[in-house]
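Please work through the following exercises on charged side-chain pairs. Each task is followed by a stepwise solution.

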Amino acid sequence: MGRGTMQEVAFWGGSIHRLLLYQKFIEGIMANSASGLAVHDDCKIKFVDLKSKRSFRYIIFKIADMQVVVEKLGQPEENYDDFAASLPADECRYAVYDFDFISTDNCQKSKIFFISWAPDTAKIRSKMVYASSKDRFRRELDGIQVELQATDPSEMSIDVVKGRVY
């Protein structure tokens with residue numbers, strides 16, 4: 001889109017001012033898109049600790065000041081209910097959860113879940129930022145085995161998680 005060609009001005013109701021406002025709006029969205037978000041090094045370090053050392057049961061991440069940061073670390077003795085209760089009811093988050101289970105051949109196993117939490121009550125702008133940034137952030141975490149997207153607690157219940165490992 002050019003800077004106010006006659007056709008664009010006509011399309012926007014004859015107002016160059018409206019056209020420029022629209023362009024500023026689009027530029028603002030693009031500035032906050034996935035390419036504009038950084039991932040704090042601590043996110044990757046803590047994820048490696050969860051994956052290799054099993055230092056944590058889960059990690060909850062949030063977007064703050066144009067970067068993804070660690071918000072909470074779940075201790076190894078915490079369970080899935082503790083994790084689910086740690087997610088805010090009205091704000092988006094990313095999370096990883098190390099789920100232990102017994103396989104069908106009776107072996108102790110573990111799978112790392114990536115959960116994108118975007119509750120219906122979250123602000124639309126927040127949902128858009130988290131959705132547009134998810135793939136880039138997930139690629140930073142090497143070793144994710146299962147991905148879930150949830151908008152309410154029933155979509156990430158323990159039964160849903162168990163259903164995804166077998």
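The exercises below concern salt bridges and the accessibility of their partners.

The model is predicted, so local features need pLDDT of at least 70 and side-chain atom pairs count only at pLDDT 80 or more, while totals for chains, interfaces and linings use all residues. Residues are numbered from 1 along each chain as its sequence is written, and side-chain values use heavy atoms, with hydrogens and water left out.

**Exercise 1.** Determine how many salt bridges there are.

Solution. A salt bridge requires a side-chain nitrogen of Lys or Arg within 4 Å of a carboxyl oxygen of Asp or Glu. Applying this rule gives ten salt bridges.

**Exercise 2.** Characterise the pair Lys53 and Asp49.

Solution. Step 1: the N to O distance of this salt bridge is 3.6 Å. Step 2: both residues belong to helix α3 (residues 41–53), four residues apart, about one turn of the helix; helices (H or I, at least four residues) and strands (E, at least two) are DSSP runs, numbered from the N terminus. Step 3: buried means under 20% relative accessible area, exposed over 50%, and partly exposed in between (1.4 Å probe, protein chains only). Lys53 has 59% relative accessibility and is therefore exposed, whereas Asp49 has 15% and is therefore buried.
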